[in-house]
Amino acid sequence: MWCGIEDIVGVALSQLKDALQSRKVSIRFAPELPSVPVDDVLIEQVLINVISNSIKYSPEGSEIVIEADYDRDMLHLSIADQGIGIAPGDLERVFEKFYRGQLTKHIPGTGLGLAICKSIVEAHGGQITASKNEPQGTVFRISLPLQFAEKDGDRYDTYRGENFNH
Ligand code: ATP
Ligand code: MG
């Protein structure tokens with residue numbers, strides 16, 4: 001269905017409300033963001049996973065910046081933290097199933113959250129990447145197509161037992 005990314009981010013943030021009390025959250029959305037043709041529950045789950053990581057791997061009191069803008073074809077969302085960061089050699093590997101980054105071995109986790117995010121985003125015809133935040137931390141960028149591709153409906157069915165209506 002066609003969804004406002006503002007609403008999806010809002011749901012994710014409200015689900016993480018308690019954990020976020022010890023972080024400062026800044027939101028910068030470009031004016032008049034277009035709706036995106038997505039499965040809202042799945043994209044909420046992506047955001048919950050990515051923002052949970054930003055909380056888990058950054059110190060109390062630090063800032064998490066969520067930005068959204070768009071170009072002709074895609075809506076771009078970024079989640080930036082000031083945390084531990086990801087080693088350059090791990091920036092792509094963190095999306096592999098069960099892979100845990102070198103800098104966070106002392107913090108428990110299963111290494112599945114980002115693999116799930118990647119498969120959901122790619123099922124929407126989008127991309128998710130990680131890069132270094134300056135001067136410290138990590139930025140996750142998620143791009144989602146602004147147009148619905150017919151084959152997307154079938155791909156979402158991998159995750160949900162219902163049809164995709166748009
Ligand atoms: P879980 O499956 O419980 O989420 P996890 O957090 O270890 O466990 P992922 O969310 O897939 O698994 O993340 C994979 C790895 O990527 C993490 O182990 C961590 O090393 C690194 N990582 C992810 N997000 C961040 C972040 N915001 N800052 C620093 N490292 C991160
Ligand atoms: Mg995680």
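Predicted model: local features only at pLDDT ≥ 70, side-chain atom pairs only at ≥ 80, totals over all residues.
Residues are numbered from 1 along each chain as its sequence is written, with chains lettered from A and ligands numbered from 1 in the order in which they are written. Local features need pLDDT of at least 70 and side-chain atom pairs count only at pLDDT 80 or more, while totals for chains, interfaces and linings use all residues.

The protein chain holds 5 helices and 7 strands (DSSP runs of H or I, at least four residues, and of E, at least two, numbered from the N terminus). Their order from the N terminus is β-α-α-β-β-α-β-β-α-β-β-α. Of the 166 residues, 28% are buried (20 or more other C-beta atoms within 10 Å of the residue's own, C-beta atoms being placed from the backbone).

Beyond its neighbours within four places in sequence, L47 is in contact with I8, V9 and A12 (C-beta atoms, placed from the backbone, within 7 Å).

Ligand 1 is surrounded by 20 residues (C-beta atom, placed from the backbone, within 6 Å of the ligand). The closest are N53, G101, G109, G113 and L114. Two or more shell residues come from each of α3 and α4, and α4 gives the most, with 3.

Note on methods:
Contact = placed C-beta atoms within 7 Å. Buried ≥ 20, exposed ≤ 12 C-beta atoms within 10 Å, placed from the backbone.
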